[in-house]
Amino acid sequence: MDFNRLTLRSQEAVGAAQELARRGGNPEVYPEHLLLALLDQELPRALVPDAAGLQAQAEATLRGKPSIRGAQQQPTASAAFGRVLDKAFDEMRALEDDFVSVEHLLLALDVVPRDELV
């Protein structure tokens with residue numbers, strides 16, 4: 001996976017997802033971290049139907065994930081997070097784009113209707 005192929009906003013979202021996982025004590029970065037990071041950006045929030053409900057659902061899911069308290073550690077990417085990034089790259093290629101944008105990430109997370117973005 002070539003992170004240089006991510007747009008600046010996508011890179012920011014991935015970095016913010018890692019930071020959310022670290023602050024939450026999660027040993028892994030999950031797709032829900034990425035979703036929350038994307039929802040902090042203006043454009044994705046405007047594209048996602050019921051963003052507030054989706055945010056609450058992602059936060060509830062993360063509360064059920066493993067966490068470690070007291071130790072500073074850098075979380076690694078979960079298998080599910082890796083699959084989302086792979087799917088975003090597949091979306092980029094299918095749409096014949098050069099870079100993975102936040103729209104590709106939203107499609108990979110399956111939180112926006114495809115026909116609204118394509």
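## The largest pocket

The largest pocket in this predicted model has a volume of about 200 Å³. A pocket here is an open set of points on a 1 Å grid over the protein atoms alone, with protein on both sides within 12 Å along at least five of seven lines. The volume is the space filled by probe spheres (1.4 Å probe) set on the grid points.

There are 13 lining residues, and Leu20, Gly24, Asn26, His33 and Leu62 sit nearest the pocket's centre; to count as lining, a residue needs an atom within 4 Å of a point. Helices are DSSP runs of H or I, at least four residues long, numbered from the N terminus. By class, the lining splits into 3 nonpolar, 5 polar and 5 charged. Nonpolar covers Ala, Val, Leu, Ile, Met, Phe, Trp, Tyr, Cys and Pro; charged covers Asp, Glu, Lys and Arg; the others, Gly among them, go down as polar.

## H1 against H2

Helix H1 (residues 8–23) packs on H2 at an angle of about 120 degrees, their axes 8 Å apart. Axes are lines fitted to C-alpha atoms over the stretch in contact, and angles run from 0 to 180 degrees between N-to-C directions. That makes the pair oblique, the label left once under 35 degrees (roughly parallel), over 145 (roughly antiparallel) and 65 to 115 (roughly perpendicular) are taken out. The crossing of H1 and H2 is right-handed; that means the near helix is turned clockwise from the far one by less than a right angle, and left-handed means anticlockwise.

On the H1 side, Ala13, Val14, Ala16, Ala17, Leu20 and Ala21 meet His33, Leu34, Leu36, Ala37 and Leu38 of H2, where contact means heavy atoms within 4.5 Å. The tally for this contact is 10 nonpolar, 1 polar and no charged residues.

## H2 against H6

H2 (residues 31–39) also meets helix H6 (residues 102–109): their axes come within 11 Å and cross at roughly 140 degrees. H2 and H6 are therefore oblique too, but this crossing is left-handed. Pro31, Leu34, Leu35 and Leu38 of H2 touch Val102, Leu105, Leu106 and Leu109 of H6. Here we get 8 nonpolar, no polar and no charged residues.

## H5 against H6

Helix H5 (residues 79–94) and H6 have axes that come within 8 Å and cross at roughly 120 degrees, so they're oblique. H5 passes H6 in a right-handed crossing. H5 brings Val84, Leu85, Lys87, Ala88, Glu91 and Met92, while H6 brings His104, Leu105, Leu107, Ala108 and Leu109. The class count is 8 nonpolar, 1 polar and 2 charged.

## Ground rules

Residues are numbered from 1 along each chain as its sequence is written, and side-chain values use heavy atoms, with hydrogens and water left out. Because the model is predicted, local features need pLDDT of at least 70 and side-chain atom pairs count only at pLDDT 80 or more, while totals for chains, interfaces and linings use all residues.

Definitions and conventions: Helices (H or I, at least four residues) and strands (E, at least two) are DSSP runs, numbered from the N terminus.
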